[in-house]
Amino acid sequence: MPKAMRASGMKKCIGCFTCMLMCSAYNQQNHSISKSAIKVATRGGMSSGFQATVCLACKGSRACAEACPSGALVSRRGGGVILKKDLCIGCRKCQTACIANAVNFDEETHLPIICRHCGVCTRYCPHSCLVMEDSDD
Amino acid sequence: MINENFIRVLHIDLTSERVHIYKREDLNDYLGGVGVAAKLLEEYMRPELPPLAPEQPIVLAIGAASTIFPVITKTTAMFISPLTGELGESYAGGRLALTMFHAGYDAVLITGRAKNPSYISVREMLAEIKDARAFWGMNADGVGQYIRMREAFSGKRSILRIGPAGENLCSFASVCVDTYRHFGRLGLGAVFGSKNLKALQIAGDRSIPIPDFKKYGSVYSELYKTVTSTEIMSKYHDLGTPVNVVVLNEGGGLPVENLNAASTDNIEELSGNTFAKKHLVRKVACTGCPVGCIHIGQFRREFDHGYEYEAVSVSYDYELIFALGTFLGIKNSDGVLELIEAVEELGLDAMSCGVVLGWATEALKKGIISEDMTIVPLDFGSLDNYLEAARYLAYAENEFYADLAKGVKHASLKYGGYDFGMQIAGNEMPGYHTGYGALTGAAVGARHSHLCNAGYSFDQSKPFDIEALVDYLYAEEVERCLLNSLTICLFARKVYDRDRIMKVLDCVGKPMTNEELDRAALRIFKTKLRIKQKLGFKLGNVKLPKRFFQTPSMTGQLKEETAAAVIAAFEKRCEQLLAAD
């Protein structure tokens, strides 16, 4: 069964940011916060609790892929999309199309940062806020 | 700096409003954190001037592996302490280390005094001094909210700020870091205040390529596994440090009512279990720490008639329950949380605040001082009076509170009652009356903290013997120079053994052998000793209050001569080390 990453337990989040550091390290070989596909932030100050902004693994028609003029985003089994870097023209249309604000843009590579649902963040989430779930297409 | 052969220092001078960046290759010998901060303090401090003179420096420093390995989360602050007049050193977690790392600065050095109340905003390639006149007088939480609103970089920044206590130059004013963490001890808040510096935001968003991901990934994942799946760290996450309340009380090492006793019958109301059951609403972590030891407790306060309530959240720890709880005879958890909140808002160090008020309470009882001076009738257990007294301290309400705000040593020398003013070398005591280890450890420790060398741990695990204790304190003091130069949280001291430290340093492009690490630790320790010497500190002059030798400790009655012998033996070792060059 294909899987997708879900930020379903964010009430348990302690704000350690390990998910972001590991996403950037594994997927972009960088020590970085901004290159991470998952964004954890407070709702406004440390006393407000944490929320995650990350790909919701849309099924059926994907707004980001629809908006892509060059065919660089193709459907992924289990939800979400796969980025074909060679085809991307860096137009950022996927970024505006995503109503979950889950697409970030890498100003160094001129490519969107697209969650691969690889599960690295879930392996390094100490409180299981982030989990891989079965996701039937 | 990671993967570079230099230390990058950002120097902001508030008087001239000039900013400089230094690339210092020579500072590599000092690793980072306390090593780099101590070296810069030694270079920039002006021993001939008072601690709060505008010329005196503040140094903040991180290490080359900060944030990118688990639990390497701290930032070192060094300054001249207005409380002790000598070496000031304090640590805070939160997001500060992450933001300095990503802003690209190993150290931030602040000198001078701003013309008007100001705050500093730092990010990669930019440091600005900005107007904070309207923020002057605000509590630490309030100014944090305004700066969050005014400045960009949400989620990638850290905000340091002071409350009224820092503005009014209280010698033990703290600096609040990201709401729940602090540079608590030794009065960094007053140094900020003396510079007209209300707050400092550091934001960083730099990405640093990882040259050998395979190596980094394998070292990281082994450390992550150790930290999250073994017993070493779990106690800090579960009940947290308050688990010690019952342990210390049962053993007879918990200071109660100005150390008139070292245990109490009614401890259940202040136990880690009670706090967890009644108040714990969240746990939070410093960035880069998968443990999450910050325990947030909530209490409900009626702020007006007609069922008007607010929910108030504060972070609690063992030391706060001791200082603002048992030491002041506060017997319930709601009362402790309310005092913690007051201390947070005012920007005081919780430990010093509790200890000075404990002395004032006993001094009033004994008739050494009068109620005219204390304004409210201080009495052990009287929460409302202590809430008011904390305010008077932060605002230096009258001559007496202005004296008390200089620390219990100053106040007890002036008014009397030195023997029950519970300070060690000028710093108010920590929550451990466990024996010679805790007492002499804090005296000989460079910053007079229980965390200099963990003497309390010796008391709880080893039989007493002068030579064995001196060996232990000296070895810990030196090894912690190494841990603190890498800014590893001391809760993870057992995780980061030498082998793992070497692996981490190898990953950040700074490979070192065990012998090189030994030499670096000693180099840093010697720098600290030199600073103390230049600032006129002499261990031989430390006079411990008699109360330490009257109230039996966890390991029995302590003798003044024995404590003096430990201190003298330690002093001799330090002299030998300094003379060895």
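Reader: What makes the pairing of A:Glu108 and A:Lys35 a salt bridge?

Author: In this predicted model, the side chains of A:Glu108 and A:Lys35 come to 2.9 Å, N to O. A salt bridge requires a side-chain nitrogen of Lys or Arg within 4 Å of a carboxyl oxygen of Asp or Glu. The pair is therefore called a salt bridge, with 2.9 Å set against the limit of 4 Å.

Reader: How many salt bridges and polar contacts does the rule find between domain 1 of chain A and domain 2 of chain A?

Author: The rule finds 2 salt bridges across that interface, and the count of residue pairs in polar contact is 3, both residues being at pLDDT 80 or more. On the side of domain 1 of chain A that touches domain 2 of chain A, strand E1 (residues 3-6) gives the most, with 3 residues. By class, that side has 4 nonpolar, 5 polar and 4 charged residues.

Reader: What area do domain 1 of chain A and domain 2 of chain A bury between them?

Author: The two domains bury about 970 Å², with 50% of it on carbon and sulfur atoms. Their C-alpha centres are separated by 19 Å, and each domain brings 13 residues to the contact.

Reader: Why is B:Glu86 called buried?

Author: The relative accessible area of B:Glu86 is 2%. Buried means under 20%, so B:Glu86, at 2%, belongs to that class. B:Glu86 lies in the loop between strand E4 (75-80) and strand E5 (87-92) of chain B. Leaving aside residues up to four places away in sequence, B:Glu86 touches several others, among them B:Phe79, B:Ala446, B:His448, B:Leu535 and B:Phe537.

Reader: What makes the meeting of B:Glu86 and B:Lys532 a polar contact?

Author: The side chains of B:Glu86 and B:Lys532 are joined at 2.6 Å.

Reader: What is the area buried between domain 1 of chain B and domain 3 of chain B?

Author: That area is about 3,100 Å², and carbon and sulfur atoms give 67% of it. In this interface, 38 residues of domain 1 are in contact with 30 residues of domain 3 of chain B.

Reader: Which count is given for salt bridges between chain B and chain A?

Author: The count is 0 salt bridges, while the rule finds 9 residue pairs in polar contact, both at pLDDT 80 or more. From chain B, the largest share of the side touching chain A, 7 residues, comes from H6(B). The residues of that side divide into 18 nonpolar, 12 polar and 8 charged. The area buried between the two chains is about 2,700 Å².

Definitions and conventions
Residues are numbered from 1 along each chain as its sequence is written. Chains are lettered from A and ligands numbered from 1 in the order in which they are written. This is a predicted model: local features need pLDDT of at least 70, side-chain atom pairs count only at pLDDT 80 or more; totals for chains, interfaces and linings use all residues. Side-chain values use heavy atoms; hydrogens and water are left out. Helices (H or I, at least four residues) and strands (E, at least two) are DSSP runs, numbered from the N terminus. Buried means under 20% relative accessible area, exposed over 50%, partly exposed in between (1.4 Å probe, protein chains only). A polar contact is a pair of N or O atoms within 3.5 Å; within protein, one must be able to donate a hydrogen and the other to accept it, and residues adjacent in sequence count only if both atoms are side-chain atoms. Contact means heavy atoms within 4.5 Å. Buried area is the accessible area (1.4 Å probe) that two parts lose on being put together, summed over both. Ala, Val, Leu, Ile, Met, Phe, Trp, Tyr, Cys and Pro count as nonpolar, Asp, Glu, Lys and Arg as charged, and the others, Gly among them, as polar. Domain bounds come from an automatic or database domain assignment.
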